[in-house]
Amino acid sequence: MADSAQAQKLVYLVTGGCGFLGEHVVRMLLQQEPQLRELRIFDLHLGPWLEELKTGPVQVTAIQGDVTQAHEVAAAVAGAHVVIHTAGLVDVFGKTSPETIHEVNVQGTRNVIEACVQTGTRFLVYTSSMEVVGPNIKGQPFYRGNENTPYEAVHRHPYPCSKALAEQLVLEANGRKVLGGLPLVTCALRPTGIYGEGHQIMRDFYHQGLRLGGRLFRAIPASVEHGRVYVGNVAWMHVLVARELEHRAALMGGQVYFCYDNSPYKSYEDFNMEFLGPCGLRLVGTRPLLPYWLLVFLAALNVLLQWLLRPLLLYAPLLNPYTLAMANTTFTVSTDKARRHFGYEPPFSWEESRTRTIRWVQAMEGSAQ
Ligand SMILES: NC(=O)c1ccc[n+]([C@@H]2O[C@H](COP(=O)([O-])OP(=O)(O)OC[C@H]3O[C@@H](n4cnc5c(N)ncnc54)[C@H](O)[C@@H]3O)[C@@H](O)[C@H]2O)c1
Ligand SMILES: C[C@@H](CO)CCC[C@@H](C)[C@H]1CC[C@H]2[C@@H]3[C@H](O)C=C4C[C@@H](O)CC[C@]4(C)[C@H]3CC[C@]12C
């Protein structure tokens with residue numbers, strides 16, 4: 001896309017552009033993509049912050065729409081050069097039905113692919129997830145793995161199942177002829193657990209800590225390691241892939257890339273404390289305070305309560321058998337595939353990612369007072 005004749009000629013569409021990751025992708029595109037003429041932001045719920053973007057040199061078009069509605073997606077995609085498809089239902093807490101998760105994540109992705117084919121859009125970047133690989137239902141560790149590491153990727157939970165199916169659709173669509181006869185070029189990015197400004201689960205942990213008098217209680221052994229990635233680096237990888245897909249279509253088309261950076265490998269709870277600690281919270285215990293069998297029991301009890309209370313209210317606590325298994329399974333990524341294929345280097349160091357996230361939590365603290 002680096003053709004100078006194309007300067008400020010490109011139209012991008014970001015689905016889910018008002019979500020946690022989507023907002024960072026949108027802001028990054030406006031800052032870092034000089035060839036952008038129009039940026040379309042498609043989301044079920046449009047954020048008020050979009051208004052401030054409309055005063056810049058790039059035409060920002062906000063489209064309220066639903067990815068499950070093929071005609072809405074086709075209308076948004078028509079005339080776009082690149083689609084970055086981040087829209088999805090991220091639910092591992094049982095807030096939404098498995099059918100809805102499938103509809104949004106799988107049928108929604110199918111609609112995006114078909115819209116590209118029908119309208120002649122050639123470049124599609126899909127936000128997949130590490131969960132396409134694991135942790136699997138057996139809770140087997142994935143230690144410093146890369147895109148070629150053998151791992152038994154078997155899932156039962158609706159969210160990873162939906163992400164795996166959608167990713168497969170995207171990869172299989174690579175090479176399909178779009179309107180005009182040229183081939184579609186697709187690629188899937190698999191972030192590990194994303195953190196940073198706007199991260200809802202970090203917000204939930206922070207408020208839980210405040211409710212518990214500034215304390216969180218260790219439930220997971222410190223030895224269980226998770227790979228996490230800063231949202232700004234994930235956004236940058238999307239921008240870079242979108243830019244490079246045309247020139248490196250043969251290399252990158254139909255490929256998957258883990259989204260990674262230099263954030264340290266730590267347990268989920270210890271990693272969160274990197275941000276919540278400087279904001280006044282304390283993680284109590286050097287070892288889990290409850291035996292694992294009791295956590296398993298409480299997680300199962302939560303499932304039962306969720307089911308019993310469903311007619312009255314939505315009970316969706318952080319702890320359930322799936323989140324417990326995830327938190328308790330080592331899953332760390334170590335790869336350089338994105339660097340080798342398209343020159344990815346994380347623009348935000350660990351120190352900067354940490355500082356930005358702490359500032360965001362502190363601002364939340366200020367607004368809570
Ligand atoms: N958060 C993570 O740790 C993480 C990790 C790996 C991959 N991902 C993937 O990244 C993507 C973005 O995740 P996120 O954490 O920003 O979630 P998010 O919920 O903050 O953002 C998702 C966005 O999609 C929109 N959306 C949902 N249903 C829609 C529909 N039917 N039509 C149109 N828009 C719809 C939502 O309104 C929201 O703005 C998802 O595809 C997710 O699977 C997230
Ligand atoms: C047992 C609790 C005691 O404190 C801790 C529960 C933590 C869980 C809520 C989280 C542990 C691992 C997280 C997931 C992981 O980071 C990767 C993900 C992939 C992404 O596609 C969506 C989010 C998530 C599933 C993320 C969700 C929260 C955890 C399960």
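1. A quick definition before the strands come up: two strands count as paired if DSSP finds at least two bridges between them. Bear in mind that this is a predicted model. With that in hand, strand 2 and strand 3 (residues 59-64) pair up through six bridges and run parallel. If you want a spot to look at in that pairing, Leu39 stands opposite Val60 in strand 3.

2. Now the other neighbour. Strand 1 (residues 10-15) is also parallel to strand 2, with six bridges joining them. Val14 has Ile41 in strand 2 as its bridge partner. To get from strand 1 to strand 2, the chain goes through helix 1 (residues 20-32), giving a right-handed β-α-β crossover.

3. Buried here means under 20% relative accessible area.

4. Over to helix 10, which spans residues 292-309 and includes Leu305. Leu305 comes out at a relative accessible area of 31%, so it is classed as partly exposed. Leu305 also belongs to a nonpolar surface patch of about 780 Å², along with Trp293, Phe297, Leu301, Leu304, Trp307 and Leu308.

5. In the model, the chain over residues 289-309 is 86% helix and 0% strand.

How values were computed: Residues numbered from 1 in each chain as written. Chains lettered and ligands numbered in written order. Predicted model: local features only at pLDDT ≥ 70, side-chain atom pairs only at ≥ 80, totals over all residues. Heavy atoms only, no water. Helix = DSSP H or I, 4+ residues; strand = E, 2+ residues; numbered from the N terminus. Right-handed = clockwise from strand over helix to strand, strands pointing away. Patch = residues over 30% accessible without salt bridge, like charges linked within 9 Å, V, L, I, M, F, W, Y side chains within 5 Å. Areas by Shrake-Rupley, 256 points an atom, 1.4 Å probe, with all protein chains shown as cover. Salt bridge = Lys/Arg side-chain N within 4 Å of Asp/Glu carboxyl O. Buried < 20%, exposed > 50% of the residue type's maximum accessible area, 1.4 Å probe, protein only.
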